[in-house]
Amino acid sequence: MADKMALAKAINESLRRALDSDPKVLIMGEDVGKLGGVFRVTDGLQKDFGESRVIDTPLAESGIVGTAIGLALRGYRPVVEIQFDGFVFPAYDQIVTQLAKMHARSLGKVKLPVVVRIPYGGGIGAVEHHSESPEALFAHVAGLKIVSPSNASDAYWMMQQAIQSDDPVIFFEPKRRYWDKGEVNTEAIPGPLHKAQVVREGTDLTLAAYGPMVKLCQEVADVAAEEGKNLEIVDLRSVSPLDFDSIQASVEKTRRLVVVHEAPVFFGSGAEIAARITERCFYHLEAPVLRVGGYHAPYPPARLEEEYLPNLDRVLDAVDRSLAY
Amino acid sequence: MTVESTAARTPRRSAGSKAGTTGTKRTRTTAKNDTGAEPQLVQLLTPEGKRVKNAEYDKYVAGITPEELRGLYRDMVLTRRFDAEATSLQRQGELGLWASLLGQEAAQIGSGRATREDDYVFPTYREHGVAWCRGVDPANLLGMFRGVNNGGWDPNSNNFQLYTIVIGSQTLHATGYAMGVAKDGADSAVIAYFGDGASSQGDVAESFTFSAVYNAPVVFFCQNNQWAISEPTEKQSRVPIYQRAQGFGFPGVRVDGNDVLGVLAVTRWALERARSGEGPTLVEAFTYRMGAHTTSDDPTRYRGDEERQAWEAKDPILRLRRYLEASNHADEGFFAELEAESEALGKRVREAVRAMPDPDHFAIFENAYADGHALVDEERAQFAAYQASFADEGGN
């Protein structure tokens with residue numbers, strides 16, 4: 001069945017399907033029950049699956065992730081919600097020292113199929129701690145998988161796959177795209193979770209992005225097309241593992257790469273992509289890999305976020321600089 | 001009111017805070033119990049080995065047989081022997097580090113023997129006695145201290161989780177596991193070990209909150225061994241640790257941690273509460289870390305020997321021996337046999353450790369992920385190629 005639905009609704013439907021098909025799946029988080037979460041992503045789930053499956057937790061992020069680990073040890077598959085990106089840090093210790101490492105520590109005996117959902121990114125005019133993109137802080141940690149869908153269909157299917165994964169998955173939800181609608185075919189057979197997708201074919205330059213920045217890249221490519229530039233867009237979908245093969249294939253064709261993310265450029269995922277693609281495509285590249293992202297400064301007050309975040313002109317500027325080599 | 005008088009209020013506030021930091025000297029220099037009452041202490045066996053009656057907890061050890069008492073004694077002796085062997089192995093360079101449990105045998109054996117097979121244990125890194133009770137091969141505990149793995153046993157074969165080094169983390173895992181037990185409608189219980197130092201961790205406070213809110217069948221077993229490396233318990237808490245439970249809405253009890261019978265009784269009571277749906281309990285086993293924090297530590301830098309000597313008189317093994325002898329529950333043959341068994345255990349552990357091979361180089365990449373990861377595969381292949389390059393040059 002192909003329906004048009006908002007990205008938030010697609011995640012909701014995906015969680016509903018998981019709760020329905022596997023009695024071990026649990027939803028946990030602050031306000032996820034009656035309220036349906038501050039973004040309504042879990043709307044109606046507690047009503048239909050009860051308080052023992054959709055659990056309103058105390059306001060303690062370390063406690064949420066720590067108890068989810070315990071539940072996973074007992075055989076459950078918890079999907080926990082961290083209310084906002086900037087609130088994940090009390091749980092950072094549990095995620096980094098326990099969730100990521102217990103499988104290796106147990107020499108493979110223990111599996112922790114926990115999904116940590118994090119609405120992330122800016123562009124919604126929020127107060128401090130509500131607009132950050134901390135994916136690189138998690139990508140540095142072996143044992144975690146990190147994904148971020150850019151559209152409703154991916155949101156639906158990637159959530160299904162994340163819940164089925166026997167590894168812990170940090171699921172970054174592009175909160176400013178929550179209300180963007182897209183077609184979701186709930187009977188389609190999805191591609192692999194960690195495989196990138198070329199969402200627009202082009203010949204002159206590759207834009208690589210994930211989550212909220214894919215839509216921006218589409219807009220960039222539209223404007224560039226009017227100027228006679230034919231851009232390719234790779235929706236990375238997964239930050240760990242990163243699908244370098246797909247990026248490489250695209251760059252071998254276009255010979256130019258610009259990586260776009262909201263997270264600060266310094267030590268961001270773009271840095272890793274630039275380093276590895278330079279190594280893999282040294283003789284194909286016509287220009288250094290360029291990056292467009294946040295600055296090495298705290299996320300600014302909302303009135304300044306348009307200047308801080310990559311926008312149409314900043315990405316176009318990078319495209320121009322790359323093509324000028 | 002004039003504008004002037006309003007303005008005068010502001011400096012008064014800042015003057016007040018200034019006085020707070022530089023002015024009035026605080027009278028309290030060390031934390032102390034504000035409740036006024038002497039902390040309770042459940043004790044069934046005195047340091048002299050006398051059995052004392054306890055109206056509340058006697059019933060939990062009422063049917064204990066001489067054989068079971070000898071069993072507890074044997075557990076403690078063998079655990080201490082194993083612990084001493086591990087310390088020696090560290091001194092000989094066979095282990096990189098060892099965290100001795102010396103002095104805490106009663107706390108661990110008493111509580112460990114209170115657990116049922118289907119209960120689940122979440123230890124710190126010092127629960128060698130509990131591991132013994134759960135049937136984990138002592139030699140397996142040594143892998144991580146030798147550096148050949150980070151946890152050498154399958155947690156699910158004995159319901160004994162891997163040692164957790166980050167202080168207090170496991171209390172949340174225990175709580176989550178207990179929430180799962182309750183969801184499953186099982187009557188198993190969960191026990192989480194931690195120390196006086198860990199009682200300051202946010203995770204421990206959060207585990208108290210979660211377990212109370214969800215009425216999880218978990219026993220929080222705090223071994224207050226008086227020292228968190230160099231910091232005394234006064235640096236962790238202003239009230240006796242067991243009293244913290246009250247604020248979270250569940251009972252806390254302090255038991256003489258060097259009295260194996262008392263610990264057994266109190267832990268049985270707490271586990272029974274968990275099983276019967278009464279929720280969490282905090283047990284504070286008041287004991288003493290007779291040795292260093294680990295083999296890397298030097299306690300002479302922060303504590304005097306008099307304190308240690310005072311605790312030596314309360315030794316957990318000695319007091320049970322006195323009781324066994326006074327009540328004719330054990331004869332010389334028993335003690336002699338146990339001595340021989342101890343030595344055999346020491347020898348077996350020594351040999352097992354010395355025979356423990358270094359892991360294969362490729363173990364670095366094993367089990368980083370359950371479902372695999374492209375980057376790990378790529379780096380493993382690079383590492384293999386790098387290693388193979390030496391073979392090409394005629395190396396090994």
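Analyst: Helices and strands here are DSSP runs, helices of type H or I with at least four residues and strands of type E with at least two. By that count, chain A has 12 helices and 14 strands. Chain A has a radius of gyration of 19 Å, close to the 20 Å from the globule rule for 325 residues, so chain A is as compact as a globular protein of that length. Along the principal axes, its C-alpha atoms fill a box of roughly 60 × 40 × 40 Å. All of this describes a predicted model.

Now burial and contacts. In chain A, 57% of the 325 residues count as buried. Take the contacts in chain A between residues at least 6 apart in sequence: 79% of them join residues at least 24 apart.

Next, the core itself. The largest nonpolar core holds 187 residues. Those with the most contacts inside it come from both chains: A:Leu207, A:Cys217 and A:Val258, together with B:Val190 and B:Val283. Helix 11 of chain B, residues 260-275, gives the most to this core, with 10 residues.

Leaving out residues up to four places away in sequence, A:Cys217 touches A:Leu207, A:Ala209, A:Ile233, A:Val260 and A:Val315. One of these, A:Leu207, is also listed among the residues with the most contacts inside the core.

Last, the layout of chain B. Domain 1 of chain B spans 58-354, and domain 2 spans 361-392. Taken over C-alpha atoms, the centres of domain 1 and domain 2 of chain B are 38 Å apart.

Terms used
Residues numbered from 1 in each chain as written. Chains lettered and ligands numbered in written order. Predicted model: local features only at pLDDT ≥ 70, side-chain atom pairs only at ≥ 80, totals over all residues. Domains from an automatic or database assignment. Core = buried A, V, L, I, M, F, W, Y, C linked by C-beta atoms within 7 Å. Buried ≥ 20, exposed ≤ 12 C-beta atoms within 10 Å, placed from the backbone. Contact = placed C-beta atoms within 7 Å. Rg over C-alpha atoms; globule rule 2.2 N^0.38 Å.
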